[in-house]
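Hello,

Here is the structure I promised to hand over. Please look through it first; my notes follow below.

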Amino acid sequence: KQWYQRRVRGGLMSCIHYKFRNNSKHDTIQFDGSYITVGEIKQAILGQKKMGRAPDFTLQIINAQNQEIYKDDNQLIPRNADVIVKRVPTGNKVSKAQLAAQSTSIDMYKMSATPMPLTTMVKLHNMLSLDNGLFI
């Protein structure tokens with residue numbers, strides 16, 4: 001692991017090294033001062049990775065050395081720390097199956113609310129009766 005500090009604007013620039021749990025590549029967040037809060041780390045990661053302003057997940061920050069989960073967004077993490085990031089669903093996410101079911105029910109509602117000409121209904125009835133052997 002490469003640990004470093006960089007001189008910027010006459011002061012020392014501190015950094016935190018992070019990686020996502022399932023990734024081997026480390027990234028860096030640079031900041032001024034000796035400490036950074038967990039909440040600031042989360043915001044910086046969301047910004048660096050372009051994950052959106054209101055994602056359907058939250059980030060969980062874990063100390064890479066002792067596996068401690070940082071639960072409080074105000075908790076301070078010292079510079080040069082190494083953390084692991086994990087995405088945790090917030091429960092607001094709608095699954096693809098739920099979206100498909102909603103879409104289908106809306107389409108069925110639109111179809112049932114749309115008046116069908118009598119000639120079309122008769123043709124549909126005749127096709128169903130002949131193809132399926134159904135008699136209504």
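**What was found**

N80 sits in the loop between β7 (76-78) and β8 (82-89); strands are DSSP runs of E, at least two residues long, numbered from the N terminus. This is a predicted model, in which local features need pLDDT of at least 70, side-chain atom pairs count only at pLDDT 80 or more, and totals for chains, interfaces and linings use all residues. Residues are numbered from 1 along each chain as its sequence is written, and side-chain values use heavy atoms, with hydrogens and water left out.

N80 has a phi near 65°, a positive value in a residue other than glycine. Most residues other than glycine have a negative phi. N80 is partly exposed, at 26% relative accessible area (buried is under 20%, exposed over 50%, partly exposed in between, with a 1.4 Å probe and protein chains only).

Q67 also has a positive phi, near 65°. Its loop runs between β5 (57-63) and β6 (69-70).

Next, the aromatic residues. The structure holds one aromatic pair. Y18 and F20 form it, edge-to-face, with 6.4 Å between centres and 80° between planes. Rings of Phe, Tyr and Trp (its six-membered ring) pair if their centres lie within 6.5 Å; planes under 30 degrees apart count as stacked, over 60 as edge-to-face and the rest as tilted. Both Y18 and F20 are buried.

R87 lies over the face of F20, 4.7 Å from the ring centre. R87 also lies over the face of F57, at 5.8 Å. Here the CZ of Arg or NZ of Lys must be within 6 Å of the ring centre and within 35 degrees of the ring normal.

Best wishes

How values were computed: Helices (H or I, at least four residues) and strands (E, at least two) are DSSP runs, numbered from the N terminus.
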